[in-house]
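Welcome! Here is a short tour of a protein chain for anyone new to reading structures. Please keep the 3D view open as you go along.

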Amino acid sequence: MSPAKVISDSPPTLELFPHIHDDPSTLSHSLDPFTITTSTGFLPYLTSPTTLPHAFKPLMSLLDRLPVVKQNGSPGLLATYELGPAVLELPDLTDEVDKLVTPDGKLDLYNIMAVFRDYSFVASSYLLEPCWENWCKNPDGGYGLGRELLPKAVARPLYRCAKILDIPPFMSYAASYALFNYTLEDSSKGLVYSNLRLVRGFERGLDPRSSEAGFILTHIDMVKDTPGLISGALQVIDTIQQGGPRSTVNDGFREILASMEKIEAGMEDMWANSKPSEYLSFRVFIFGITSQSMFPNGVIYDGVENNHPLHFRGESGANDSIIPLLDHLLQIPMPNTPLTKILHEFRAYRPLPHRTFLAHIRTKAEELGVRDFALKDTETVILFLRTLNHVRSFRWRHWLFAREYIIRRTPHPTATGGSPIVTWLPNQLSAVMDMMISIYDEVLAPLKAQGTGDYDGSRQKLVEPMMELVRDQKEKLAKEVEKWCKERGV
């Protein structure tokens, strides 16, 4: 196979991401905890701390008392709807944030991220406590209204941490709720699911057998298998850019496929780890403060931005970086709709290193024409289609989760991130199905009709059932969305 033409002389990946191949244990705490390496993938390079520096002892004390069920099994402040007064007793520790430095005098982003996580748990608990009380006392009556003022002692340090980390000052999927919120029961056993524990929880999450813990830890279990996505994507991009052999590009796609098999196997465990009937309970605490009926006017962060109301999207698994990485690498075109605009807004809620890496992959894939490169060879196009199929199956499973955990159980029209619960996921799912059908019709269908050797019986056995499933699911999805929209008057 002749080498590809060198298309670009822009800086190689290593110059843009100098730590990408580093041993995570050697990285300084002055680096963002989500600095990406090929051995940790999209997880933090170091497990998050379970305690905070001494100056934040009042915050730690409050967090210990906060959950519905505390670590020792007794009722916490949220169980009796008494968190509000306790939050008002917190001192303002904003000045202590800038004192968190590494031995060489740089800001300690590792510990600042932990402080951010913990203040975001307090902020969401405080703002949504009235909604939790309403839901507990009358689940069919909706959530009511949340609190519209975040006290200065929470608002200011949360905002300061967010400024340093370059993320919105609100609970997010990676920096707060999930990826920086786990520890290991036994460090020698590593990242096996049974060894994972939450650092913080709202309801019963400190019990690893709870549905709240299962919901979050399943995400950790999935993201632990992302190193192969990082290295595979880089192999595809860098090989095309450097004019390397097509076989090396194909190997990059194979590494991605192997990782996605593991990720989706972990994703399927969600059904067993977190019961659909119990999800709505702890879900109350992860709503955002924009596009939600509970916060029609946003929230004032006392002492921040001249006390103008602020609006932030809530925690959402849609902020994970797995599928966005593949969206960008495979150049999946999204429809020009308001739903896609929400998809773009979610980008800001990812950690800065994730945003930077995803933007790099998006830019390089467009510049190098990864899709066009793949379509010029039968073996590559089949690997490309199989990778697209993982995006489809991942999004299809996400749709099934949304349907069974949420849509069938509550009339609330918006997801925690503020997107329309019925139509948002199908927007992206339909896009990848359309792309798969288009590529098949453009490249493989003519080869099948011609009976050429490149698309022989073994390859057809791999592709044809996959495409039949895509067409069936596309039709089924359209009918389901129409049904739910009609029932809800959307």
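The points below go from the whole chain down to single residues.

What you see is a predicted model. The chain's secondary structure comes to 19 helices and five strands. With a radius of gyration of 23 Å, close to the 23 Å that the globule rule gives for 490 residues, the chain is as compact as a globular protein of that length.

**The whole chain**

- How many of the 490 residues count as buried? The share is 59%.
- Take the contacts between residues at least 6 apart in sequence: 76% of these join residues at least 24 apart.
- The chain exposes about 19600 Å², and carbon and sulfur atoms supply 52% of that area.

**Helix H2 and its buried side**

- Find helix H2, which covers residues 57–65, and look for Leu 59, Met 60, Leu 62 and Leu 63, which are buried there.
- These four residues lie on the same side of H2, because they cover an arc of only 165° around the axis.
- What do the buried residues of H2 pack against? Their partners are helix H3 (83–87) and helix H5 (109–137).

**A three-stranded sheet**

- Three strands form an open sheet in the order S1-S4-S5, and the pairing is mixed.
- Strand S1 (149–150) and strand S5 (309–310) are the edge strands, as each pairs on one side only.
- S1 and strand S4 (residues 299–301) run parallel and are joined by two bridges.

**Thr 94 in helix H4**

- Thr 94 belongs to helix H4, made up of residues 94–97.
- Is Thr 94 buried or exposed? Its relative accessibility is 8%, and anything under 20% is called buried, so Thr 94 counts as buried.
- The side chain of Thr 94 makes a polar contact with the side chain of Asp 92, at 2.5 Å.
- Beyond its neighbours within four places in sequence, Thr 94 is in contact with Arg 156, Pro 157 and Arg 160.
- Thr 94 and Lys 152 are 58 residues apart in sequence, yet their C-alpha atoms are 9.5 Å apart in space.

**Glu 264 in helix H10**

- Glu 264 sits in helix H10, which takes in residues 246–268.
- With a relative accessible area of 6%, Glu 264 is buried.
- Which side chain does the side chain of Glu 264 make a polar contact with? The partner is His 390, at 2.5 Å.
- Not counting residues up to four places away in sequence, Glu 264 touches His 390, Ser 393, Phe 394 and Arg 397.

**Asp 327 in helix H13**

- You can find Asp 327 in helix H13, which runs over residues 322–329.
- Asp 327 has a relative accessible area of 7%, so this residue is buried.
- Setting aside neighbours within four places in sequence, Asp 327 is in contact with Ile 332, Met 334, Val 391 and Arg 395.

Note on methods: Residues numbered from 1 in each chain as written. Predicted model: local features only at pLDDT ≥ 70, side-chain atom pairs only at ≥ 80, totals over all residues. Heavy atoms only, no water. Buried < 20%, exposed > 50% of the residue type's maximum accessible area, 1.4 Å probe, protein only. Polar contact = N/O pair within 3.5 Å; in protein donor to acceptor, adjacent residues only side chain to side chain. Contact = heavy atoms within 4.5 Å. Arc of directions from axis to C-beta. Pairing = 2+ DSSP bridges. Rg over C-alpha atoms; globule rule 2.2 N^0.38 Å. Areas by Shrake-Rupley, 256 points an atom, 1.4 Å probe, with all protein chains shown as cover.
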